[in-house]
Amino acid sequence: PMVIAGEIACPCGSGAEYSGCCEPLHLGAPAHTAEALMRSRCSAFALSSTNPALYGYLLSSRHPSTRPATLELDDGTVWRKLQIVDTVAGGPDDDTGIVEFRASYRDANGVPGVLHERSNFVRVNDHWAYLDGRGMM
């Protein structure tokens, strides 16, 4: 990860320090928008190889109806960049939201790839949750 004045840059690409961006969400603070939850999930994927506790965050930030019992991640994947393509609703006063994103990565063999998804989010008990997503071409 990049370092900003002794702090690591947040892997979500916001330009902010991790400690003031996605870390509070990883530690239990609620996301105020669907995009903030999407960014925090991206950061959790990027940091999970060095912080296994983030596996729990990735599970708990999923909607109960679509949450898998376990999560299997490819330890060799390096998440490199997040680009938010579009958002629909998902604000502090909304109950649903959509975030379309592109996440660039390199797999265990160093081969680059892009995950392009349009994700659905819903508010559950005043907390945003990732419901599901549809891969885009």
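Helices (H or I, at least four residues) and strands (E, at least two) are DSSP runs, numbered from the N terminus. The model is predicted, so local features need pLDDT of at least 70 and side-chain atom pairs count only at pLDDT 80 or more, while totals for chains, interfaces and linings use all residues. Residues are numbered from 1 along each chain as its sequence is written, and side-chain values use heavy atoms, with hydrogens and water left out.

**View A. Arginine 123 and its surroundings.** Arginine 123 has its place in strand β5. Its side chain makes polar contacts (pairs of N or O atoms within 3.5 Å; within protein, one must be able to donate a hydrogen and the other to accept it, and residues adjacent in sequence count only if both atoms are side-chain atoms). The side chain of arginine 123 reaches the backbone oxygen of glycine 91 at 3.1 Å, and a polar atom of that side chain lies 2.9 Å from the backbone oxygen of aspartate 94. Leaving aside residues up to four places away in sequence, arginine 123 touches His32, Gly91, Pro92, Asp93, Asp94, Asp95 and Trp128, where contact means heavy atoms within 4.5 Å.

View B. Strand β5 (residues 112–124) runs antiparallel to strand β6 (residues 127–135), and 8 bridges join them; two strands pair if DSSP finds at least two bridges between them. Valine 122 has alanine 129 as its bridge partner in β6, and arginine 118 has arginine 134. The hairpin has 2 residues between the strands, and asparagine 125 takes a positive phi near 50°.

View D. Of the 14 residues of α2, 10 are buried, so the helix is largely enclosed by the rest of the structure; buried means under 20% relative accessible area, exposed over 50%, and partly exposed in between (1.4 Å probe, protein chains only). Among the buried residues are Leu37, Met38, Arg39, Arg41 and Leu47, and what covers the buried residues includes α1 (23–26), α3 (54–60) and the strands β3, β4, β5 and β6.

**View E. Aromatic pairs.** The structure holds 3 aromatic pairs, counted for rings of Phe, Tyr and Trp (its six-membered ring) with centres within 6.5 Å, and planes under 30 degrees apart count as stacked, over 60 as edge-to-face and the rest as tilted. Tryptophan 79 and tyrosine 105 have ring centres 5.1 Å apart and planes at 55°, so the pair is tilted. Since tryptophan 79 lies in strand β3 and tyrosine 105 in strand β4, the pair ties together parts that are 26 residues apart in sequence. Tryptophan 79 is partly exposed at 24% relative accessibility, as is tyrosine 105 at 25%. The rings of phenylalanine 121 and tyrosine 130, with centres 5.7 Å apart and planes at 70°, form an edge-to-face pair; phenylalanine 121 is buried at 1% relative accessibility, and tyrosine 130 is buried at 10%.
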